[in-house]
Amino acid sequence: MTTQRIPVVEKILSANDRLAEQNRARLDAARVLGINLLASPGAGKTSLIVRTIQALSPQLKIAVIEGDTAPVTIDADKVSAAGAAAVQVNTGGECHLDAVMVANAFNALTLDGLDLLIVENVGNLICPAAFALGTHLNVLVASVPEGADKPYKYPGIYRGLDALILNKIDLLPYVDFDLDYFRRGVEILNPGLSFFPLSCRTGEGVEAWMEWLQKQAAHHRFSADGSASTVGK
Amino acid sequence: MHELAVTQSVLEIALRHAAPAGAVRITDVYLVIGQLSSIVDDSVQFYWDAISENTAAQGARLHFRRVPAELRCWDCNHRYSPNGEDLACPACGGLRVQVVAGDEFRVEAIDIEPVAAPAGEPP
């Protein structure tokens, strides 16, 4: 039986990318800045979100999509208690959020009137890097106890970042964390990346992060075309 | 990582391109995977055998072409393959680098049987 070669040349995750573009269009139509918040488990994503809501919610209307692999609402409850709308997404054991899950979560939210939508991805430094959600900015929360070698071990996720937070800097005196080595690994993957060392526990350094985020939200709201940046970011 | 989701996408892409070509069967699927894209071939093959059952792609062979990572130094233009964890340019020590290859993650082509085999012909 003779076979015939059919050229395809299609990105394997192109279906996800297409849906991410639709998500982006929905955010842009509502003039909402979308943040994809990435981290390994326990780095402090939820602590940062709660801090951010507490600091910015008078000026910015914020909603949060909470991605979790297990059907627990611990994080969503904390976010609701801090005063923001929260939608819980259970990935059913999947290691990452994808554009379909985020599209479904949009339906449970009122995007109009929001300024900022934070999507808390599943704690994982590998898989979320491959799945675009349609958000505008990728922000990673690294933390001191994880160790300084993470940019070297997970280059994929560090390459696609728009901002990097180093949380738990109050632990620096107690932990062997080589900040120069960490910065060097980041710099080579993502030169000039906005970097915010801070402690969600003590509040040290959080001010600079809040200012940056407010600036991003304002820029997004007033830019005529919020779709200037690319979905793959 | 998420080999099931990846395999489902590969199947969807293969079936979508096979139908307009009049395929009765997909015999081979050619994937191009860069070194920087983490995926386990055996795991994809395992899921493939399970989810392609009762589709035109049942029994199709998956071919993985791996593309090594290649970086280019912005400072001295040197092209090199990264060695271990250090990504810095081996020629000038430069830290500003660009990924030239190794990012690939795509379905390159499929082989199909375009018409039904005549009765009696061995498969």
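In the predicted model, A:Phe131 counts as buried because 24 C-beta neighbours lie inside 10 Å, and 20 or more are enough for that label. The residue is found in the loop between strand S5 (116-120) and strand S6 (137-143) of chain A. Contacts of A:Phe131 beyond its neighbours within four places in sequence are with A:Leu13, A:Asn16, A:His96, A:Leu97, A:Asp98 and A:Ala99. A:Ile62 is 69 residues from A:Phe131 along the chain. The C-alpha atoms of the two are separated by 23 Å.

S5(A) is mostly covered, with five of its five residues buried. A:Leu116, A:Ile118 and A:Glu120 point one way from the strand. A:Leu117 and A:Val119 point the other way. Residues on both faces are buried.

S5(A) pairs with strand S2 (residues 33-39) of chain A in the parallel sense, over five bridges. Within this pairing, A:Asn36 has A:Val119 as its bridge partner in S5(A). Strand S3 (residues 62-68) of chain A also runs parallel to S5(A), and five bridges join the two. Here the bridge partner of A:Ala63 is A:Leu117 in S5(A). A:Ile62, described above in relation to A:Phe131, belongs to the S3(A) range.

The largest nonpolar core holds 98 residues. A:Leu116, A:Leu140, A:Ile165 and B:Ala14 touch the most other members. Helix H1 (residues 3-18) of chain B gives the most to this core, with seven residues. A:Leu116 is also one of the buried residues of S5(A). Not counting residues up to four places away in sequence, A:Ile165 touches A:Leu48, A:Val139, A:Leu140, A:Val141, A:Ala142, A:Phe196, A:Leu198 and A:Trp209. Among them is A:Leu140, itself listed with the core members that touch the most others.

Helix packing was examined in chain A. Two packed helices are described by the angle between their axes and the distance between the axes. Helix H2 (residues 45-56) and helix H3 (residues 74-82) of chain A pack at an angle of about 15 degrees. Their axes are 9 Å apart. Angles under 35 degrees count as roughly parallel, and H2(A) and H3(A) are therefore roughly parallel to each other. The crossing of H2(A) past H3(A) is right-handed. On the H2(A) side, the residues that meet H3(A) are A:Thr46, A:Ile49, A:Val50, A:Ile53 and A:Gln54. Their counterparts in H3(A) are A:Asp75, A:Lys78, A:Val79 and A:Ala82.

The contact between the chains takes 23 residues from chain A and 31 residues from chain B. Strand S1 (4-11) and helix H7 (179-189) of chain A each supply at least two residues of the side of chain A that touches chain B. S1(A) gives the most to that side, with eight residues.

In chain B, three strands form an open sheet in the order S4-S3-S5. The pairing is antiparallel. Strand S4 (79-80) and strand S5 (97-101) of chain B stand at the edges. Each has a single partner strand, so one side of each is left without a neighbour in the sheet. Strand S3 (residues 70-73) of chain B pairs with S4(B) over two bridges, in the antiparallel sense. B:Leu71 stands opposite B:Tyr80 in S4(B).

Definitions and conventions. Residues numbered from 1 in each chain as written. Chains lettered and ligands numbered in written order. Predicted model: local features only at pLDDT ≥ 70, side-chain atom pairs only at ≥ 80, totals over all residues. Helix = DSSP H or I, 4+ residues; strand = E, 2+ residues; numbered from the N terminus. Buried ≥ 20, exposed ≤ 12 C-beta atoms within 10 Å, placed from the backbone. Contact = placed C-beta atoms within 7 Å. Pairing = 2+ DSSP bridges. Core = buried A, V, L, I, M, F, W, Y, C linked by C-beta atoms within 7 Å. Axes fitted to C-alpha atoms, helices over the stretch in contact; angles between N-to-C directions. Parallel < 35°, antiparallel > 145°, perpendicular 65-115°, else oblique. Left-handed = near helix turned anticlockwise from the far one by under 90°.
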